[in-house]
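I opened the model to look up its salt bridges and their surroundings. My entries follow.

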Amino acid sequence: GGTREPIDAVRVLANRSSGKQGYAIAAEAAARGAQVTLVSTVDLSVPAGVTVARVDTAAEMQAALEHLAPASDVVVMAAAVADFRPKAPATHKLKKHDGVPEIVLEPTPDILAGLGAGKRPGQVLVGFAAETDDLAANATSKLVNKRVDMIVANDVGAPATGFGYDTNAVTIFLADGDPVAVPLSDKRAIAAAVLDQIVARRARLGNN
Ligand code: PMT
């Protein structure tokens with residue numbers, strides 16, 4: 001799901017990610033026999049056999065991933081992590097009678113890039129890219145810059161695709177192969193296509 005960055009004691013900076021795509025990947029991986037930990041910002045029904053680590057902010061998600069990733073064979077980052085957060089969130093509720101607040105933002109840590117920099121041999125790292133323009137160019141640059149094995153790119157401006165829908169359409173950009181297009185399908189079928197690519201990548205790296 002999306003991270004939620006505090007503005008004050010009651011308000012957050014959020015995004016439209018529902019968590020459906022991430023939960024579908026967790027469900028599909030568990031159904032295939034993987035031991036799965038789902039790092040989640042939302043409260044959807046937890047797939048059978050999946051452990052959940054509940055987080056809210058990008059910083060909490062980063063801490064959870066830094067703890068879990070080193071022992072994981074595969075890490076999939078379907079989360080919509082905020083790129084910016086309020087620099088100095090108020091600890092109390094900002095009052096309307098005090099006027100419109102000026103909220104200064106600062107960058108959040110790039111969790112996936114950090115995992116890419118620390119990736120161990122044989123580990124498979126998968127990122128997503130939510131794009132509205134230049135999908136192929138942006139996805140390819142994320143593939144290289146974040147040092148991941150694949151980027152699953154969705155055109156979130158296309159009909160029934162991306163944030164909140166039960167369906168998605170993606171192109172999977174691979175570090176070692178041609179892109180694979182997956183047409184509009186339910187998010188579980190997208191998850192299956194991503195898992196097929198992960199299994200194939202692991203085999204090419206000498207794992208089974
Ligand atoms: O949750 P749903 O409603 O089902 O919608 C699914 C989805 C559209 C959110 C999902 O399919 C998706 O595209 N997730 C990634 C959204 C995103 O944040 O994309 P990005 O292009 O901004 O980020 C690229 C990658 O870097 C992502 O893997 C992201 O998790 C990661 N990232 C981004 C910023 C940051 N500070 N740290 C990160 O790790």
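I began with Asp-149, which counts as buried at 1% relative accessibility (buried means under 20% relative accessible area, exposed over 50%, partly exposed in between, with a 1.4 Å probe and protein chains only). This is a predicted model, where local features need pLDDT of at least 70, side-chain atom pairs count only at pLDDT 80 or more, and totals for chains, interfaces and linings use all residues. Residues are numbered from 1 along each chain as its sequence is written, and side-chain values use heavy atoms, with hydrogens and water left out.

I then looked for the partner of Asp-149 and found a salt bridge with Lys-119, the closest N and O atoms being 3.0 Å apart (a side-chain nitrogen of Lys or Arg within 4 Å of a carboxyl oxygen of Asp or Glu). Lys-119 sits in the loop between α3 (111–117) and β8 (124–131) and Asp-149 in the loop between α4 (135–145) and β9 (150–155), so the bridge ties together parts 30 residues apart in sequence. I noted helices (H or I, at least four residues) and strands (E, at least two) as DSSP runs, numbered from the N terminus. Lys-119 is partly exposed at 29%.

Next I checked Arg-32 and Asp-196, whose side chains form a salt bridge at 2.9 Å, N to O. Arg-32 is in the loop between α1 (20–31) and β3 (37–40), and Asp-196 is in helix α5 (residues 187–204), 164 residues apart. Arg-32 is partly exposed at 38%, as is Asp-196 at 42%.

My count for the protein came to 16 salt bridges.
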